[in-house]
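Visitor: I would like to learn how to read this fold, feature by feature. Where do we start?

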Amino acid sequence: LASGAPGKVGAFIDEFKPDHIVTLLRDDEKSFQGIKQGCADRKVGWTHLPLSGANAVLKEERTAGDAESLRRIPEVAKLLQAGKRVAVHCAAGMHRTGAVCYAACRLAGLDEEQALETVRASRTLTANEIEQTRKGGSSIKDAVEKLLSEMLPNAQADNTTAPQWSGVAKQE
């Protein structure tokens with residue numbers, strides 16, 4: 001589920017019934033407050049992968065925090081592979097959310113078209129935003145593909161990338 005920041009975390013959880021919420025907001029963003037506690041109160045898993053914005057994916061020079069969060073996307077893919085209902089959100093639910101949802105779907109074994117259609121089925125606006133060509137001539141989707149190819153130099157041609165990440169994802 002791709003989403004903007006939940007207004008009231010409890011109501012969001014009650015409505016969408018996720019098993020896990022992935023928050024892409026930075027600690028200093030207004031909407032960040034209360035999400036972790038709201039998940040704990042409702043016994044919903046929570047992962048914090050703070051990203052500074054679309055440029056975290058689009059630019060090759062990344063902050064250390066952005067790089068660490070991007071390296072942890074396989075944790076989201078593992079949740080999907082385990083059949084968990086995962087809600088991913090940033091402030092508006094478009095750029096950061098789209099990048100992480102798309103990347104997690106790709107890492108979970110979907111090809112480019114399937115991953116994009118999965119994001120689209122969750123939220124059309126998010127899929128449209130990651131497909132849109134941005135300043136510099138590339139889309140967020142293209143930037144994610146480039147990022148995945150850099151992080152997965154040994155990825156197989158048949159798009160079975162998930163096994164390549166098994167040792168990278170945080171073990172529970």
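**One side of a helix**

Guide: The buried residues of helix 8 (residues 124-131) are Thr126, Ala127, Glu129 and Ile130. Buried means under 20% relative accessible area, exposed over 50%, and partly exposed in between, with a 1.4 Å probe and protein chains only. Because these residues cover an arc of only 160° around the axis, they sit on the same side of helix 8. That arc is taken from the directions running from the helix axis to the C-beta atoms.

Visitor: What is the general idea behind that pattern?

Guide: An α-helix has 3.6 residues a turn, so residues three or four places apart point the same way.

Visitor: What covers the buried residues of helix 8?

Guide: The cover includes strand 1, helix 6, helix 7 (112-122) and helix 9 (140-151). Contact means heavy atoms within 4.5 Å. Helices (H or I, at least four residues) and strands (E, at least two) are DSSP runs, numbered from the N terminus.

Visitor: What should I know about the model itself?

Guide: This is a predicted model: local features need pLDDT of at least 70, side-chain atom pairs count only at pLDDT 80 or more, and totals for chains, interfaces and linings use all residues. Residues are numbered from 1 along each chain as its sequence is written, and side-chain values use heavy atoms, with hydrogens and water left out.

Visitor: Now the sheet. What is the order of its strands?

Guide: Two strands pair if DSSP finds at least two bridges between them. Here four strands form an open sheet in the order 1-4-2-3, with parallel pairing. Strand 1 (2-3) and strand 3 (45-48) are the edge strands, each pairing on one side only. Strand 2 (residues 20-23) runs parallel to strand 3, and four bridges join them.

Visitor: How does the chain get from strand 2 to strand 3?

Guide: Strand 2, helix 2 (residues 35-41) and strand 3 make a right-handed β-α-β unit. To judge the hand, point the strands away from you: the crossover is right-handed if the path from the first strand over the helix to the second runs clockwise.

Visitor: Which helices lie across strand 4?

Guide: Helix 5 (residues 73-81) lies across strand 2, strand 3 and strand 4 (86-89), at about 150° to strand 4. Helix 6 (residues 95-107) lies across strand 1 and strand 4, at about 145° to strand 4. Axes are lines fitted to C-alpha atoms, for helices over the stretch in contact, and angles run from 0 to 180 degrees between N-to-C directions.
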